[in-house]
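Welcome! Take a moment to look over the sequence and the 3D structure, and then we will walk through some of the contacts together.

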Amino acid sequence: MASPKTTSELDSVTLETGLLSTWQDEKLFELSVDNRVDGEPFIFLEGPPTANGKPGIHHVVARTYKDLVCRWKTMQGNFVERKGGWDTHGLPVEIEVQKRLDLMSNEAIEAFGMEEFNKECRESVWTYEAAWREMTERMAYWCDLDNPYVTLHNTYIESCWWALKKMFEKGLLYRGYKVLPYCPQTGTSYSSHEVALGYKEVEEPSVYVKFKLEDTDASILAWTTTPWTLPGNVGLAVGPDVEYVRVRVTADPENWEGHGGAAIGEELILAKDLFKEVIRHHCEEIETFPGSDLIGRSYTPLFPGAVDRDGSETAWTVIGADWVTTTDGTGVVHTAVMYGEDDYNLGMEVGLPAQHTVGMDGSFLAGTHPALDGRYVKDCDSTVIELMHDAGLLYREKMYLHDYPHCWRTGHPLLYYAMDSWFVRMTAVKEMLLEFNSQVEWAPDWVGEGRFGEWLRNVKDWAISRERYWGTPLPVWICKECGHQHCVGSTEEMSSMAKEGSPVAEDLHRPYVDDTVLVCTECNGDMKREPFVMDCWFDSGCASFAQWHHPFGEEGKFENNFPIDYICEGVDQTRGWFY
Ligand SMILES: [Zn+2]
């Protein structure tokens with residue numbers, strides 16, 4: 001190693017690289033760990049970065065803090081293993097490959113071939129590994145990059161499967177039907193983590209629509225910011241205790257903008273508090289009454305035939321809901337059960353028909369309306385508005401400025417959409433989450449109680465499945481004959497249940513694992529795997545045990561490395577990797 005004799009000879013780069021190579025030659029990091037093998041362990045867990053993106057300066061900051069504490073504990077005599085880790089699954093990887101190969105839809109990926117596509121994903125995750133290693137070494141972050149845990153390894157996946165089976169056996173992993181923010185372009189639903197990444201302020205048309213009551217000559221007004229959900233309308237929700245007013249139009253307004261209108265003598269019903277806000281015409285009040293007087297009354301469907309009644313007695317009637325307020329709109333909530341979380345819950349509660357008017361590709365299904373069938377819903381706002389106007393069912397339109405979630409990868413507006421999905425029942429373990437969080441020593445302390453605590457106090461069941469290709473496959477097989485569900489917890493279990501002659505996946509990824517047919521334990525029928533992969537936050541979140549291939553790997557390794565003493569990550573991980 002060259003040392004400068006005078007300040008003019010000082011070449012900081014040579015000095016730094018010389019020092020680094022001396023450390024490497026002497027294996028100083030390894031020695032500093034191995035020499036303390038009998039010391040008290042100080043357990044560090046490395047949050048895994050993804051190497052398909054270049055390291056940035058914020059990574060240097062995080063790694064400085066990681067290194068500082070681990071080095072200090074080492075100097076105090078502790079045994080501080082520092083296993084590196086890589087996050088290698090999930091949508092970010094797929095999107096990168098999709099962009100490079102111009103495969104911007106699921107159809108394009110499937111035409112290209114899932115096997116080839118996943119091969120590309122597997123390679124792409126190492127694109128910037130050398131850059132990461134160089135950054136890590138140059139900044140002297142001591143971490144074992146030669147034996148890292150990698151979320152795409154079979155051993156890592158097997159540990160995730162083990163954890164999923166544990167949840168399944170406790171009833172914490174379930175298949176549901178839930179309205180989720182969904183991007184028709186990427187073909188995937190998003191977790192609340194991902195939705196939080198993509199809010200944009202947009203101005204869109206909102207409409208006040210007339211729903212004609214069948215037992216009297218008056219219309220109930222309801223407001224919506226998503227005209228494309230109107231063909232899916234199956235109910236109107238009112239607040240039972242909210243005061244409503246019935247008015248008769250007596251004269252035209254002084255001025256008018258946009259479509260819509262009302263005839264002299266026409267009668268309209270809405271919340272009394274919102275009358276001034278909504279109504280532009282001169283009117284006389286006929287009567288006021290509580291919302292409970294409206295409950296059960298039928299109205300004419302806006303798009304007859306778009307949704308089948310399917311035996312429902314409550315379809316196209318007024319329904320009471322305590323959560324209806326008069327803060328905006330008309331105090332009447334247009335209910336399309338497949339396109340809103342509250343709508344869906346209400347629909348299930350009172351028995352509204354649950355049918356889609358929109359396909360997974362974001363286009364109206366055939367049979368909705370000749371002017372809409374097959375068209376992308378977000379392109380149809382003006383058509384829907386014109387159809388309402390022409391039918392005399394539009395009172396007003398109004399541009400509406402609001403924050404609306406967009407796909408954090410493609411920038412497209414997300415649709416709230418009822419879809420098949422697998423969930424982890426986080427709501428069932430909320431008290432445990434809060435209890436364990438209170439035992440964590442957070443720095444700064446407000447993050448634990450505030451930002452992260454807030455997140456946990458509002459915990460929702462975690463939509464954990466993705467209709468994607470590159471990720472940890474969901475290890476649930478369903479019997480085609482009897483519908484029995486089986487969650488596999490190891491490769492050994494998968495092999496032992498495989499049907500004779502069925503291929504048994506050696507690489508646990510799709511498409512190989514999809515070809516493995518299991519024998520139903522209930523009826524001996526064929527079981528097919530549910531075609532989902534896991535949210536990649538789930539697999540990286542398994543790092544504390546999956547990094548040691550627990551419980552299949554070296555005995556005692558996990559037990560000796562848990563609980564963790566030190567984790568240091570960016571504050572955004574309170575909505576990401578920390579859960
Ligand atoms: Zn069966």
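Is Lys 66 buried or exposed? With a relative accessible area of 3%, Lys 66 is buried; that word means under 20% relative accessible area, while exposed means over 50% and partly exposed lies in between (1.4 Å probe, protein chains only).

## About the model

This is a predicted model, in which local features need pLDDT of at least 70 and side-chain atom pairs count only at pLDDT 80 or more, while totals for chains, interfaces and linings use all residues. Residues are numbered from 1 along each chain as its sequence is written, and side-chain values use heavy atoms, with hydrogens and water left out.

## The zinc site

Four cysteines hold the protein donors of the zinc ion: the SG atoms of Cys 479, Cys 482, Cys 520 and Cys 523, lying 2.2 to 2.3 Å from the ion. Donors are N, O and S atoms within 2.8 Å of the metal (3.2 Å for Na, K and Ca), and sites may look incomplete because water is not among the atoms. Along the chain, the zinc donors follow the spacing C-x2-C-x37-C-x2-C. Cys 482 sits in the loop between β17 (476-479) and β18 (485-487), and Cys 523 in the loop between β19 (518-519) and β20 (526-529), 41 residues apart. Helices (H or I, at least four residues) and strands (E, at least two) are DSSP runs, numbered from the N terminus.

The angles among the 4 donor atoms are 100 to 114°, and the site is tetrahedral; for four donors, this label asks that all angles lie between 85 and 135 degrees. Cys 482 is partly exposed at 40% relative accessibility, and Cys 523 is partly exposed at 34%.

## Salt bridges

The whole structure has 29 salt bridges, each a side-chain nitrogen of Lys or Arg within 4 Å of a carboxyl oxygen of Asp or Glu. One of them joins Glu 569 to Lys 66, with the closest N and O atoms 3.0 Å apart. Glu 569 lies in the segment after α17 (543-546) and Lys 66 in helix α3 (residues 57-75), so this pair ties together parts that are 503 residues apart in sequence.

Arg 466 and Asp 535 form another salt bridge, with their closest N and O atoms 3.2 Å apart. Arg 466 belongs to strand β16 (residues 465-466), and Asp 535 to the loop between β21 (533-534) and α16 (536-541), so parts 69 residues apart in sequence are tied together. Both Arg 466 and Asp 535 are buried.

Key
Tetrahedral: all angles 85-135°; square planar, octahedral: opposite > 155°, others 65-115°.
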